[in-house]
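Colleague: I would like to know what stands behind the terms used for this model. Please set each value against its cut-off.

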Amino acid sequence: MPAAEHTGRPAKQGKGSRALLSSVRKPADLNRLTSDELVALAAEIRRHLVASVARTGGHLGPNLGVVELTIALHRTFRSPRDTIVFDTGHQAYVHKLLTGRQDFTHLRERGGLSGYPSRAESVHDVVENSHASTSLSWADGIARANHLQGHDERHVVAVIGDGAMTGGMAWEALDNIADSSDRHLVIVVNDNGRSYAPTIGGLAHHLDALRTNPGYERVLTGVKRTLLSQGAPGRAAFDALHGLKRGLKDVLVPSAFFEDLGIKYTGPVDGHDITAIEFALTRAREYAEPVIVHVITEKGRGYTPAEEHVPDRFHAVGQIHPETGLPVVAERFGWTSVFAEEIVSLARGDERIVGVTAAMQAPVGLQPLADAMPERVIDVGIAEQHALTFSAGLAFSGMHPVVALYATFLNRAFDQVLMDVALHRAGVTVVLDRAGITGTDGASHNGMWDMALLAHVPGLRLAAPRDEATLRESLRQAVTTDDAPTVVRYPKGTLPDPLPVVRRLEQVVDDQGLQDEESGETGEADAFDVVDVLLESRGTVGAPHILLVGVGAMAAQACEAGRTLQQEGRTVAVVHPHWVIPAPDPLVRAAAEADVVVVIEDGLVDGGIGSQLRDAVEDHQASRPGEAGSPVFRRIGIPRQFIDTASRAELLEDFGMLAADIARTAATAADGVVAVRDLGAE
């Protein structure tokens with residue numbers, strides 16, 4: 001039952017045909033539909049996906065590719081008794097539609113459906129994490145628990161694809177899965193890379209059925225046991241028969257690679273033929289050991305703009321016109337575009353620079369460099385750990401790698417940053433896109449952890465630019481640093497307007513250059529200690545001195561809050577440090593001299609930049625016992641929690657990170673300082 005013929009945009013509902021999707025409120029409802037109705041349902045689902053995602057944005061291409069596969073999964077298995085795990089979770093839109101969630105009006109918005117599986121939405125959802133290559137480990141654990149608890153009637157299905165098989169964690173799990181033969185575990189490899197052509201014909205179906213038939217395996221085991229008991233002649237006979245079996249299979253299907261791991265394999269299967277998929281899944285379900293079902297799908301299937309989009313088949317889109325696939329609002333020049341432009345310029349001037357990416361070449365901005373200098377960009381697949389250690393090796397041999405990742409994915413490679421890059425003082429630059437609150441991408445995509453994590457890495461320096469000019473400046477400084485790791489982070493979206501600089505905080509210098517206050521040693525001015533003063537205002541006599549520290553893109557909110565405090569007649573300064581890890585010396589001194597310090601950061605507040613600056617001020621003052629008391633610190637940022645889906649603006653308001661909240665926090669702290677003074681004067 002192949003999928004219906006598809007043309008440019010999804011076809012309109014035929015006259016006289018009935019809507020089928022609304023009649024499917026739970027997976028069991030699929031069993032009532034005829035073969036023709038299932039084909040019609042697949043076409044209707046594609047129309048629904050295009051119309052819905054065009055309004056809200058989301059992962060369109062991957063879901064257009066798994067329509068028939070998801071229908072077949074829910075007809076073959078009995079969710080939620082049988083567990084279905086999607087990897088990555090952005091392939092689960094069709095799954096949501098078939099499990100009673102058909103209102104996509106507010107997809108990826110507060111109060112609407114998540115863009116990934118969500119346990120809060122449905123008992124049919126299990127794994128909410130959207131980081132790739134984890135499904136096989138989840139499935140292995142669930143299947144083992146089922147067996148240990150005597151639930152051998154339950155099946156576990158891991159749907160892994162859209163690049164997730166390039167992740168090392170998937171292969172670690174396969175190694176463990178291959179070592180156990182007593183679990184109902186089906187691994188569906190959703191292959192949308194078009195590396196294999198589907199095997200067609202009855203013979204291929206027959207061989208697949210034979211190889212996943214328990215009776216066949218019992219006979220094969222018996223023959224093996226008998227022949228191997230006959231000494232050398234028996235072993236020779238078994239080797240010959242086994243070689244013939246393997247050779248025939250290798251001619252017909254590409255199974256050798258998976259079966260060499262010790263896991264049964266069936267396929268490839270046409271992923272847009274519901275009957276063929278059900279046949280393969282049914283045979284796999286009846287088998288008592290782990291089985292791989294290899295399914296060939298087409299990303300963006302049925303929607304011409306997606307099919308013709310060469311870079312990623314509309315992997316993820318913003319709001320688009322459904323008729324053409326064109327954006328509703330033209331994309332403005334953003335942070336990623338600045339990086340993309342600057343890295344090409346830097347690479348032209350320094351042949352040591354190479355770009356490294358983990359299956360995100362276009363999204364992180366390395367595509368222009370790959371187009372201009374293909375040999376200077378290395379895509380390692382979804383393998384962040386390998387990317388960092390590989391980069392340490394590049395640096396050791398004289399290159400300067402620039403590893404571009406989404407900030408949330410650096411979490412997976414923290415040990416490699418610590419032990420392979422930093423320990424060996426490797427000149428590796430890590431560029432973190434989508435740092436801070438990303439909002440609509442859900443809990444696992446918010447890039448909120450990096451500054452608190454990386455603060456623990458000895459020798460590492462981290463920049464948080466506020467605009468285009470400081471981003472370019474930070475990148476230039478980073479790639480000239482060859483004795484330690486450097487990190488440059490910036491948020492998702494468009495660039496803010498540049499902020500005028502009043503002056504820069506002074507570094508301690510004399511006629512011979514930079515001077516360390518404690519050692520007295522001199523040297524050149526330190527580019528990592530640059531701190532810009534964006535606003536200064538002297539208030540009423542005796543007013544507490546408020547210092548607002550805007551980290552990265554939060555500098556704009558800090559400036560607006562500073563202007564509010566200025567209008568209230570308060571003494572206030574707003575500063576932006578270009579590099580925030582470690583805390584720059586001029587910033588530490590300025591904070592030590594203030595009465596109130598408010599640090600605003602687009603990152604985890606616990607252990608973040610505010611905490612680090614507070615600790616640095618404490619150390620600074622401990623070395624100068626005669627100086628005045630410590631300032632009052634207030635830290636504003638993201639609380640230590642997993643963040644529900646909402647827009648960035650909504651979350652900034654929730655966490656008190658908008659200008660009005662910042663001004664109110666600073667004013668309250670300053671008033672507290674005055675109250676303590678007055679109390680002491682009585």
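Predicted model: local features only at pLDDT ≥ 70, side-chain atom pairs only at ≥ 80, totals over all residues.

Colleague: Which share of the contacts joins residues at least 24 apart?

Modeller: Among contacts between residues at least 6 apart in sequence, that share is 76%. A contact here needs heavy atoms within 4.5 Å.

Colleague: Why is helix 15 called roughly parallel to helix 16?

Modeller: Two values describe such a pair: the angle between the axes and the distance between them. Helix 15 (residues 384-396) and helix 16 (residues 414-422) pack at about 10°, with axes 9 Å apart. Angles under 35 degrees count as roughly parallel, so helix 15 is roughly parallel to helix 16.

Colleague: Which residues meet in that contact, and how do they divide by class?

Modeller: From helix 15 come Gln385, Leu388, Thr389 and Ala392; from helix 16, Gln416, Val417, Asp420 and Val421. By class, the contact has four nonpolar, three polar and one charged residues.

Colleague: What makes strand 7 and strand 19 edge strands?

Modeller: The open sheet has seven strands in the order 7-6-8-9-11-10-19, with mixed pairing. Strand 7 (377-379) and strand 19 (579-581) each have a single partner strand, so one side of each is left without a neighbour in the sheet. Ignoring direction, neighbouring strands of this sheet are turned by 25° against each other on average.

Colleague: How do you know that strand 9 and strand 11 pair?

Modeller: Pairing requires at least two bridges. Strand 9 (residues 429-433) and strand 11 (residues 486-489) have four bridges, in the parallel sense, so they count as paired. One of the bridges joins Leu432 to Arg489 in strand 11.

Colleague: Which helices pack on the sheet, and at what direction?

Modeller: Helix 15 touches strand 6 (353-357), strand 7, strand 8 (400-406) and strand 9, and its direction makes about 165° with that of strand 8. Helix 18 (residues 468-479) also packs on the sheet; its direction makes about 165° with that of strand 11. The strands touched by helix 18 are strand 6, strand 8, strand 9, strand 10 (461-463), strand 11 and strand 19.

Colleague: What makes strand 6 "mostly covered"?

Modeller: Five of its five residues are buried. Ile353, Gly355 and Thr357 lie on one side of strand 6, Val354 and Val356 on the other, and both faces are covered.

Colleague: How many bridges does strand 6 have with strand 8, and how many with strand 7?

Modeller: Strand 6 and strand 8 pair in the parallel sense over five bridges, with Val403 in strand 8 as the bridge partner of Val356. With strand 7 the sense is parallel again, over three bridges, and Thr357 has Asp379 in strand 7 as its bridge partner.

Colleague: Why does Thr83 count as buried?

Modeller: Buried means under 20% relative accessible area. Thr83 has 13% relative accessibility, so it counts as buried. Thr83 is in strand 1 (residues 83-87). Leaving out residues up to four places away in sequence, Thr83 touches Val126, Ile142, His155, Val156 and Val157.

Colleague: Which peptide bonds are cis, and where do their prolines lie?

Modeller: The bond from Ser79 to Pro80 is cis, with omega near 10°, and Pro80 is in the loop between helix 3 (67-76) and strand 1. The bond from Ile581 to Pro582 is cis too, with omega near -10°. Pro582 is in the loop between strand 19 and helix 20 (585-593).

Conventions:
Residues numbered from 1 in each chain as written. Heavy atoms only, no water. Axes fitted to C-alpha atoms, helices over the stretch in contact; angles between N-to-C directions. Helix = DSSP H or I, 4+ residues; strand = E, 2+ residues; numbered from the N terminus. Parallel < 35°, antiparallel > 145°, perpendicular 65-115°, else oblique. Nonpolar A, V, L, I, M, F, W, Y, C, P; charged D, E, K, R; others polar. Buried < 20%, exposed > 50% of the residue type's maximum accessible area, 1.4 Å probe, protein only.
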